[in-house]
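Hello,

Here is the structure I promised to hand over. Please open it alongside this note; my findings follow below.

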Amino acid sequence: MTTRKIKKLTTGQRTIDGAGVHLVRVLGHDTVMDYDPFLMLDSFDSHNPTDYIKGFPIHPHRGIETISYLVQGEMTHQDSLGNKGTIRSGESQWMTAGSGIMHQEMPQASKHMLGVQLWLNLPQKEKMTDPTYFDITGNMIGSKKTDNAIIHVLAGEYDSIKGVEPPHIKGNYL
C-alpha cells in the first residue's frame with residue numbers, strides 16, 4: 001500500500017452565478033493550478049425554485065468540457081449548433097466546447113434541484129477540436145449496489161460496470 005500525503009484541503013464557498021443561481025463553488029479560480037484538468041466544480045441543492053430558476057442564459061465556452069449531472073430535478077439546454085434537450089433526475093449533459101460554442105442551461109422548477117457541474121480543461125492539442133454535445137440518459141449510466149450505497153457510473157468503469165467513454169479526457173466519473 002502506498003501512503004500519500006494530503007497537499008491541500010479545499011472547502012466550497014456559497015456564491016451566486018449565471019442570472020442568479022445559488023450554488024456552492026467547490027473548485028474555481030483559486031484552485032485551478034492545484035487541480036488542473038479540473039477547472040471548476042459547482043454543486044447545487046435547493047428546494048426553492050427562486051434559488052435557480054433564472055438559470056444560465058446564453059454564454060460562451062471554449063477549450064473545455066462541461067459535464068452537468070442531475071441527481072434530482074430537470075434542466076433544459078441548447079447551444080449554438082442547434083442542439084437542445086432536457087436532462088432529468090439521474091441524467092447528464094456532456095459538452096465539448098472545443099473551438100468555441102454558445103450555450104445555455106435553464107433549470108426548471110422542481111421539488112428538489114440537486115446536482116453538480118464539472119468543467120474539464122481540454123489537453124492543449126485538443127483545445128480547438130470541433131464542439132460536440134450529447135445527453136447521457138439513465139440507460140447509458142451503469143450502476144452497482146453495495147452494502148452502503150448505489151454507485152452510478154456516468155463515465156469510465158467501476159468494478160466491471162461501465163458508463164460512457166469520455167471523448168477526450170479518459171477517466172471515471174462515479
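Strand 5 and strand 8 (residues 91-96) pair antiparallel, over six bridges. This is a predicted model. Within that pairing, E65 sits opposite T96 of strand 8. On strand 5 there is also an antiparallel pairing with strand 10, through eight bridges. There, S68 faces Q117 of strand 10. Strand 5 is mostly covered, with seven of its nine residues buried.

The S92 side chain reaches the backbone oxygen of S68 at 2.8 Å. Leaving aside residues up to four places away in sequence, S92 touches I67, S68, Y69, I87, F134, D135, I136 and L154.

Strand 8 also pairs with strand 11. They run antiparallel, with five bridges. W94 stands opposite F134 of strand 11. How many aromatic pairs are there? The count comes to one. W94 and F134 form it, and the rings are stacked. The centres are 6.2 Å apart, with 10 degrees between the planes. Because W94 lies in strand 8 and F134 in strand 11, the pair ties together parts that are 40 residues apart in sequence.

Are the two partners buried or exposed? W94 has 2% relative accessibility, so W94 counts as buried. F134 has 25%, so F134 counts as partly exposed. The cut-off behind this is that buried means under 20%.

In soluble globular proteins, nonpolar side chains tend to be buried together. The largest core here has twelve residues: I67, Y69, W94, L118, L120, I136, I141, L154, A155, V164, I169 and Y173. Strand 5 (64-72) and strand 10 (113-121) each supply at least two residues of this core. Apart from this core lies another, of nine residues, including V21, F44, F56 and M113.

V164 is a member of the twelve-residue core. Which residues does V164 touch, not counting those up to four places away in sequence? The contacts are I136, M140, L154, A155 and G156.

In strand 9, the bridge partner of F56 is E105. Strand 4 and strand 9 (residues 101-107) are joined by four bridges and run antiparallel. Both sit in an open sheet of four strands, in the order 4-9-6-7, with antiparallel pairing. Strand 4 (56-61) and strand 7 (84-88) are the edges, each pairing on one side only. Neighbouring strands of this sheet are turned by 25 degrees against each other on average, direction ignored.

If you want one place to start, take W94. This residue is in the largest nonpolar core, and W94 stacks with F134. From there, go to S92 and its 2.8 Å contact with the backbone oxygen of S68.

Best regards

Definitions and conventions. Residues numbered from 1 in each chain as written. Predicted model: local features only at pLDDT ≥ 70, side-chain atom pairs only at ≥ 80, totals over all residues. Heavy atoms only, no water. Core = buried A, V, L, I, M, F, W, Y, C linked by side-chain atoms within 4.5 Å. Buried < 20%, exposed > 50% of the residue type's maximum accessible area, 1.4 Å probe, protein only. Contact = heavy atoms within 4.5 Å. Pairing = 2+ DSSP bridges. Axes fitted to C-alpha atoms, helices over the stretch in contact; angles between N-to-C directions. Polar contact = N/O pair within 3.5 Å; in protein donor to acceptor, adjacent residues only side chain to side chain. Phe/Tyr/Trp six-rings, centres within 6.5 Å; stacked < 30°, edge-to-face > 60°.
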